[in-house]
Amino acid sequence: MKSSVGYICTECGAKSAKWMGRCQVCGAWDSFEEYDLREETVPAAGQKRPRNLLVESSSPPLRLRDGADQPAKRTKTGIGEFDRVLGGGIVDGSVVLLSGEPGIGKSTLLLQIFSRAAASAKVLYVSGEESFAQLKMRADRLGVSPENLYLYTETDLQKILEAADRLQPDFIVVDSIQTMYDPSSSASPGSISQVRSCASVLVARAKNTGTAVLLVGHVNKEGGISGPKALEHIVDAVLHFEGDRTQAYRIIRAVKNRYGSTNEIGVFEMTETGLAEVENPSETLLSESTDGASGCAAVCVMEGTRPLVAEIQALVTPTVFPSARRNANGVDYNRLCLIIAVLEKRLGMKFWQNDVYINVTGGLRLDTPSADLAIALALISSMTDRPVKKKTICFGEIGLGGECRSSSFGEIRVREADRLGFGRIVLPVKNKEKLTGKPALELCGVRSIYELLTFLEKKPENE
Ligand code: TYD
Ligand code: MG
């Protein structure tokens with residue numbers, strides 16, 4: 001007789017016909033558990049297994065053009081930065097996964113958002129991590145006492161579904177999906193198959209009832225193996241909450257969105273009384289800038305359709321190590337090495353004798369080539385110990401030949417720099433040529449990095 005038992009890795013969900021000490025897919029030790037193969041077989045005719053059905057099929061195939069227009073119904077939460085990231089609010093019946101490192105502020109953000117939403121909607125906030133008293137204390141700290149927000153401290157999925165059926169909420173928040181377990185699944189709580197099973201039950205409920213669900217998922221520094229990654233394909237949107245825990249700024253970014261673009265970001269600041277929206281991030285980030293010190297360069301990058309001004313700081317110091325150190329904080333390490341190599345080759349600067357540290361103020365991450373010029377300018381400035389001229393900002397990409405390449409959205413970047421009172425913008429010549437408006441600030445088109453030196457102050461005479 002054929003055996004009806006198989007083995008599944010509780011870490012990554014890999015399956016195997018025989019037990020193994022170490023999973024060959026994810027490398028975890030002692031992670032294989034028995035599971036019933038019959039659960040996997042196709043159900044007999046007439047038997048329905050709604051547990052694995054994400055969307056109920058109710059009609060034969062339809063021609064797309066014959067379908068009625070069904071605009072997605074969205075509910076605005078009232079927290080503009082969050083609504084923007086989702087493309088204008090939460091879509092009915094959608095499932096959103098909010099992922100981030102522990103302690104970054106996911107629970108705080110959701111409690112704030114849904115306290116606001118609970119003024120006009122019914123919210124069921126399920127927590128498997130904190131007690132009622134803890135949640136109440138947090139709500140008091142945030143200064144909210146919402147009318148229609150129901151807290152439920154539970155980890156059993158069946159009980160949660162029963163509570164949801166009784167309460168009929170408009171939104172369900174599940175904090176966090178890793179703490180939930182489905183008693184009908186044989187896998188151990190916290191394992192990847194439990195997480196997946198709970199999530200798909202909640203997705204099915206969202207699709208069938210139109211109740212939007214928000215799932216919280218913890219990830220570790222490396223991006224997280226145990227959970228959120230495995231859920232990305234079954235949810236409608238994945239928002240990533242990122243930032244440096246030691247810094248006040250937090251950025252929420254859509255990495256997947258079935259109902260909108262994934263370009264938008266929302267910026268928040270962690271304060272004593274919860275997260276505050278930062279509507280003008282450029283101004284806030286600039287208020288901390290260090291005018292007049294060598295190694296600092298302002299840059300205008302695009303985050304979605306929004307321009308954002310930040311400051312890049314470089315420190316170049318003689319090395320005491322056999323091979324010089326490079327430390328990139330907020331910019332891509334390989335990009336930094338490439339720019340250093342271009343400066344060494346084209347300008348003859350001796351970076352190999354120096355350690356290089358790069359930092360972006362406010363704990364931001366600038367993963368865009370349009371920050372190249374600013375990184376180069378900051379490096380040259382620190383190397384020569386000559387500050388960048390006052391009220392100067394730049395953007396543009398650098399090629400391997402030292403040429404400056406144009407970046408997209410030049411017009412918007414220039415307008416933002418103008419609005420913030422910069423006196424001069426250093427930009428690729430191509431971008432300058434394409435500009436149509438006449439901004440008040442001086443436009444300095446550059447073709448190559450050789451021209452960057454002209455934007456540094458002269459060294460004081462007495463040195
Ligand atoms: P939390 O929302 O619990 O993080 P997560 O759910 O992502 O694990 O919040 C984490 C941190 O936020 C906590 O260490 C303290 C800080 N915090 C504030 O600084 N101000 C506040 O008003 C609140 C509620 C939290
Ligand atoms: Mg939490």
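Colleague: Where in the protein is the place of Leu37?

Modeller: This is a predicted model, in which local features need pLDDT of at least 70, side-chain atom pairs count only at pLDDT 80 or more, and totals for chains, interfaces and linings use all residues; side-chain values use heavy atoms, without hydrogens and water. Residues are numbered from 1 along each chain as its sequence is written, chains are lettered from A and ligands numbered from 1 in the order in which they are written. Helices (H or I, at least four residues) and strands (E, at least two) are DSSP runs, numbered from the N terminus. In those terms, Leu37 is in the loop between β3 (32-36) and β4 (74-75).

Colleague: Is Leu37 buried, partly exposed or exposed?

Modeller: Buried means under 20% relative accessible area, exposed over 50%, and partly exposed in between (1.4 Å probe, protein chains only). The relative accessibility of Leu37 is 32%, so the residue is partly exposed.

Colleague: What distance separates the C-alpha atoms of Leu37 and Val5?

Modeller: Along the chain, these two are 32 residues apart.

Colleague: How many helices and strands does the protein have, and what share of its residues is buried?

Modeller: The protein has 11 helices and 23 strands. Of its 463 residues, the buried share is 47%.

Colleague: Thr108 is next. Which residues is Thr108 in contact with, leaving aside its neighbours within four places in sequence?

Modeller: Thr108 is in helix α2 (residues 106-117). Its relative accessible area is 11%, so Thr108 is buried. Contact means heavy atoms within 4.5 Å. Leaving aside neighbours within four places in sequence, the contacts of Thr108 are Arg138, Leu142, Met270, Gly274 and Leu275.

Colleague: Which helix lies between β7 and β8 in their β-α-β unit?

Modeller: Two strands pair if DSSP finds at least two bridges between them. β7 (residues 123-127) and β8 (residues 149-153) run parallel and are joined by 5 bridges, and Ser127 stands opposite Thr153. A crossover is right-handed if, with the strands pointing away from the viewer, the path from the first strand over the helix to the second runs clockwise. That is the hand of this unit, and its helix is α3 (residues 132-142).

Colleague: Which helix does the chain pass through from β22 to β23?

Modeller: β22 (residues 424-428) and β23 (residues 442-446) pair in the parallel sense over 5 bridges. Ile425 stands opposite Leu443 of β23. This β-α-β crossover is right-handed, and the chain passes through α11 (residues 429-434).

Colleague: Which residues touch the most other members of the largest nonpolar core?

Modeller: A nonpolar core is a set of buried Ala, Val, Leu, Ile, Met, Phe, Trp, Tyr and Cys residues joined through side-chain atoms within 4.5 Å. The largest has 47 residues, and those touching the most other members are Ile312, Ile358, Leu379 and Leu452.

Colleague: Which element gives the most to this core?

Modeller: Several elements each supply at least two residues, including β16 (306-318), α8 (333-347), α9 (372-384) and β23. With 8 residues, the one giving the most is α9.

Colleague: Which domains does this core draw at least three residues from?

Modeller: Domain bounds come from an automatic or database domain assignment. The core draws at least three residues from each of domain 2 (73-279) and domain 3 (283-455).

Colleague: How many residues are in the second, separate core?

Modeller: Val123, Leu142, Phe171 and Ala254 are included in this core. Its size is 34 residues.

Colleague: How do the buried residues of α10 fall, seen down its axis?

Modeller: In α10 (residues 410-419), Gly410, Arg413, Val414, Glu416 and Ala417 are buried. They line one face of the helix, because they fall within an arc (of the directions from the helix axis to the C-beta atoms) of 160°.

Colleague: What is the phi of Phe409?

Modeller: Phe409 is in the loop between β21 (404-405) and α10. The residue is partly exposed, at 42% relative accessible area. Although Phe409 is not a glycine, its phi is positive, at about 55°.

Colleague: Which residues does a cis peptide bond join?

Modeller: One of them, Ser176, is in the loop between β9 (171-175) and α5 (192-209). Omega is about -5° at the cis bond, which joins Asp175 and Ser176.
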